Amino acid sequence: MRTSHIRVIVFIGFIAISGVLLLQWNWMAQALKLKTEAFDKDIRMVMAEVCDMISIANGNKPDLRYPIVQPDENTYIANVNDFIDTVVLKHYLEKYMAQAGLDLAYEYAVYDCSYEDIVFGCQVGPIEEDLSLGQENFDKKVDYLYYFALRFPNKKAYLYSGLGPWNLIAFLVVLVLFFFAYAIWILLRQRRFSEVQRDFINNMTHEFKTPISTIAVSSEALKKGSMDAQKAQTYAEIIWEEAQRLNRQVEKVLDVAKSEKRNFELHKIPTDVHEIIGKAVEKIRAAHQLVSENLECQLRSEDRMVELDPLHFGNLVFNLLDNAIKYSPDDLCIVVRSFDRNNEMILEFEDHGEGIDASKLQRVFQKFYRIPTGNIHNVKGFGLGLYYVKQIVQAHGWQIEVESELGKGSIFRIRIPRT
Ligand code: ADP
């Protein structure tokens with residue numbers, strides 16, 4: 001699928017889902033507002049009825065218009081203006097609350113002007129907090145003689161739970177949103193995967209084609225048999241070198257395939273790390289005709305013995321050194337270090353080559369990933385070297401990190417814990 005199509009799909013999907021979410025949010029806010037108004041009305045009615053009954057119980061005539069104030073969202077205060085018998089209050093409060101169908105926890109308290117204090121406090125239903133209707137909630141602004149206050153700590157949750165189907169719809173919309181995001185993620189991943197696969201096949205064809213055609217041309221010339229021994233020797237060497245190169249490429253792919261096998265097992269033995277690094281360095285120096293200034297060793301770890309798989313570890317060192325050379329276009333200056341730090345052996349492979357852009361740093365360990373270079377293909381590779389390195393590091397239970405700056409160089413660091 002073309003990038004522009006994907007962008008259009010993502011954009012339309014995003015707009016559609018955002019629209020539905022906005023509508024949904026608006027409906028829920030409206031519904032909650034109506035529910036809150038109805039709740040406030042019910043509570044005021046219950047409190048007015050309770051005030052009536054308190055007055056009647058005291059042998060007085062009900063006032064009919066008891067002031068009820070709401071100092072905050074969850075608290076209601078009713079002025080009775082008469083002595084409050086807490087038994088009467090409790091009885092009628094519970095009765096009218098039940099009659100109004102208000103099935104939620106609450107606490108209430110009574111203020112008595114003759115004591116200038118709260119004389120009674122009680123909780124009904126499960127409330128997690130302690131009784132919070134203290135003196136501070138009985139605001140001095142409320143200028144009443146006798147009053148009682150009601151507080152509903154769970155009011156919001158109660159009102160939300162009353163929204164029933166709205167909650168379900170909101171949940172479904174969020175689910176759709178997640179599903180959409182997931183589908184887009186899969187789509188993009190699939191696309192990247194096929195791009196990577198295509199690049200790999202192009203790369204491989206290119207990498208194999210060059211040695212194969214060199215071998216074909218050289219062997220064709222040898223077949224004619226009309227050349228002197230010296231020339232024949234040169235052609236035979238070319239064929240040998242190209243065959244070796246092909247072999248190395250195949251080995252690289254096979255190494256990765258092996259390290260990915262489900263029952264992949266390391267054959268760990270106590271190994272001299274410095275010795276393996278030394279051998280790899282010698283091999284690379286010989287292959288690229290390097291002097292020790294180009295590729296330097298500073299191996300200073302006190303204890304050079306580590307339990308590891310020598311074969312895979314050798315490949316790992318070779319891959320890192322090979323990359324350091326491949327990606328150093330100018331003068332070579334590579335340093336391999338080993339030292340001890342906080343109960344760990346640290347191995348560093350530092351080069352002063354082209355470096356890696358910070359945004360690509362974490363991707364270099366991904367399978368088949370090669371930093372895009374446009375149409376310039378002067379450095380060969382399959383994007384498997386660092387992936388293999390990471391697989392081997394992880395299989396040993398070590399860690400690998402990379403520091404790099406574009407145009408300045410890179411340091412690949414392996415941390416080997418001492419057990
Ligand atoms: P490749 O076969 O392309 O070398 P690797 O997995 O070894 O594959 O490396 C992945 C990419 O990381 C390379 O394409 C290269 O762009 C970048 N890279 C690896 N090592 C270095 C390095 N030492 N300096 C700069 N770039 C590097």
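With a disulfide taken as a pair of cysteine sulfur atoms within 2.5 Å, the count comes to zero disulfides. Cys-333 is in no disulfide, and the nearest cysteine sulfur, that of Cys-297, is 13 Å away. Cys-333 counts as partly exposed because its relative accessibility is 31%, whereas Cys-51, at 0%, counts as buried. Here buried means under 20% relative accessible area, exposed over 50%, and partly exposed in between (1.4 Å probe, protein chains only).

The model is predicted: local features need pLDDT of at least 70, side-chain atom pairs count only at pLDDT 80 or more, and totals for chains, interfaces and linings use all residues. Residues are numbered from 1 along each chain as its sequence is written, and side-chain values use heavy atoms, with hydrogens and water left out.

**Ligand site**

The ligand is surrounded by 19 residues (a heavy atom within 4 Å), and the closest are Asn-323, Tyr-327, Asp-351, Arg-370 and Leu-386. A side-chain N or O atom of Asn-323 is 2.8 Å from an oxygen atom of the ligand, and for the side chain of Lys-326 the corresponding distance is 3.0 Å. Ile-371 places a backbone N or O atom 3.5 Å from a ligand oxygen. Of the 530 Å² of accessible area that the ligand has on its own, the protein covers 98% (Shrake-Rupley method, 1.4 Å probe). Helix H7 (310-326), helix H8 (385-396) and strand S12 (409-417) each give two or more residues to the shell; H7 gives the most, with three residues. Helices (H or I, at least four residues) and strands (E, at least two) are DSSP runs, numbered from the N terminus.

**Salt bridges**

Side chains of opposite charge can pair when their charged atoms come close. A salt bridge is a side-chain nitrogen of Lys or Arg within 4 Å of a carboxyl oxygen of Asp or Glu, and the whole structure holds 22 salt bridges.

Asp-40 is buried at 16% relative accessible area, and Lys-155 is buried at 2%. Within helix H6 (residues 273-288), Glu-275 and Lys-279 are separated by about one helical turn because they are four residues apart. Glu-275 is partly exposed at 44%, while Lys-279 is exposed at 57%.

Terms used. A polar contact is a pair of N or O atoms within 3.5 Å; within protein, one must be able to donate a hydrogen and the other to accept it, and residues adjacent in sequence count only if both atoms are side-chain atoms.
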